[in-house]
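Subject: Structure handover

Hi,

Here is the structure I promised to pass on. My notes follow below it.

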Amino acid sequence: MRYSGFKVLKEALTGHKGWKPAWRDPAPKPHYDILVIGGGGHGLATAYYLAKVFGKANVAVLEKGWIGGGNVGRNTTIIRSNYLLDGNEPFYEFSMKLWEGLEQDFNFNAMVSQRGVLNLCHTDAQRDAFRRRGNAMRLNGVDAELLDTEGVRRMAPFLNFENARFPIKGGLLQPRGGTVRHDAVAWGYARGADMRGVDIIQNCEVTGFRIENGICKGVETTRGFIGAGKVGVAVAGSSGRVMAKAGMRLPIESHVLQAFVSEGLKPLLPGVITYGAGHFYVSQSDKGGLVFGGDIDGYNSYAQRGNLPVVEDVCEGGMSLMPMIGRAKLLRMWGGIMDMSMDGSPIIDRTDTERLYFNGGWCYGGFKATPASGWAFAHLLATGNPHETATAYRFDRFRKGLMIDEKGMGAQPNLH
Amino acid sequence: MIIPHPLLGPRDSQEFTYLGDASLIERPDWQAEDAVGRFHDYLYLRDNPAGAHRELWFHEQGDRSWLVVTRDTVTHEIISAELARDVARAKGRSK
């Protein structure tokens, strides 16, 4: 069933009786060519591109809960490609280009909204760093614009420009950045994969891997053994505990990142605004709620909830940047579990176990990477070689000293 | 979270700075034959368990002691706190 304006009109006139579930609910088959573990954004995108781009139909996605119930439903929906380093920038720009054509591609309204991402700067040194980053972006063919204080004032006159500690000196704007409806990303990919023959198996938790002579033959699940030609793991947030079942230790710690939504307000923010000095970022959803967040809580956690000191810290940052939000009520807060990798960059690679592949370590930047991550992982699973934009995301970069240390924090995942 | 400091009693976790896995106490011998590989594992690889986790907390805004805190990463419950010095000595380190 394809969605269209005509279909909406027809259903409106016939009592909405023709809508069908967007994907099937199949029982697992005994064997698949490729198994993707994890029905989040990245896992579903992987299955979608495996089917669509690489022509693999005998594929299943295993999800322990339900589609959209993990990190893809727990993020702050921002997309951007404003990176500095060579290992990162082409990859995230590839992702941005896929976002731009996503809805036409999978025939589903994901509400991709390129309303701009503005990073504020507060010191001369920070402005120099942003100028450098903007130039690096432009060298990679990405849009970037350096604004002075007046430029920022024209865009967002309500900001606190005279903050004694962090006066706003300007900002780096990526006009093509923006937000996307995160649930619709999961649903759109699930539907697109399902239409091309992929089995999406929910409520099916992987409890172990069957590995014989160093070769992965399939997985043990709560719904029995499922054999596979290849197994790809894309369970960011749970990478540590899933890969431990395959006997692997990862350069990853799991941390919690909290996010918040205010009550619905009239249109207020022109786009996404980030305030690095005060650890705060904010955008406004289409329903009017301010969606915002700050740093990770800073210690290992699988709790999917944070603690109050970080709530206070984030709200302080928000108040110091936009004093007017002080009277807005906080509607909801929640926590997602982040794979914090040791250099702050992701891993898409094969493992030491033959036919077992890994995709994870997205830190708190996984959402914007969803399409490119799926495409690159599908490329790796289908061809055995890394995608041209993801060649730096290998396990051995730590051993070789080739880390992609975008934030310069080294082997300190709680500082990224 | 309240951390039961062995010398000072219950203290707010906000007084502490978090370092990470308590295995960081066990620094490999840099003169060993396989030192490069062992330092890779020591620096970068983690068990990352869901459940009881032993980790290092520095009482930066208190007595500046290092603690080994055992904490449940699923519930945030703190099970125990010991002086890192005692933990290291129990392993035969230093005097």
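A:R24 counts as partly exposed because its relative accessibility is 37%, between the limits of 20% for buried and 50% for exposed. Bear in mind that this is a predicted model.

A:R24 sits in the loop that links helix 1 (5-13) to strand 1 (31-37) of chain A. Leaving out residues up to four places away in sequence, A:R24 touches A:D194, A:G197, A:V198, A:D199 and A:I200. Two of these partners are worth a look. The side chains of A:R24 and A:D194 make a polar contact of 3.0 Å. A:D194 is 170 residues away from A:R24 in sequence, yet their C-alpha atoms are 7.0 Å apart. The side chain of A:R24 also makes a polar contact with that of A:D199, at 3.2 Å.

Now the interface. Chain A puts 26 residues in contact with 25 residues of chain B. Together the two chains bury about 2200 Å², with 49% of it on carbon and sulfur atoms. On the chain A side, A:R249, A:N300 and A:Y302 lose the most area to chain B, together 28% of what that side buries.

Between chain A and chain B there are 2 salt bridges. One of them pairs A:R249 with B:D47, with 2.7 Å between the closest N and O atoms. Strand 12 of chain A supplies the largest share of the side of chain A that touches chain B, 4 residues. That side divides into 11 nonpolar, 10 polar and 5 charged residues.

Best wishes

Notes. Residues numbered from 1 in each chain as written. Chains lettered and ligands numbered in written order. Predicted model: local features only at pLDDT ≥ 70, side-chain atom pairs only at ≥ 80, totals over all residues. Heavy atoms only, no water. Contact = heavy atoms within 4.5 Å. Buried area = accessible area lost by both parts, 1.4 Å probe. Salt bridge = Lys/Arg side-chain N within 4 Å of Asp/Glu carboxyl O. Helix = DSSP H or I, 4+ residues; strand = E, 2+ residues; numbered from the N terminus. Nonpolar A, V, L, I, M, F, W, Y, C, P; charged D, E, K, R; others polar. Buried < 20%, exposed > 50% of the residue type's maximum accessible area, 1.4 Å probe, protein only. Polar contact = N/O pair within 3.5 Å; in protein donor to acceptor, adjacent residues only side chain to side chain.
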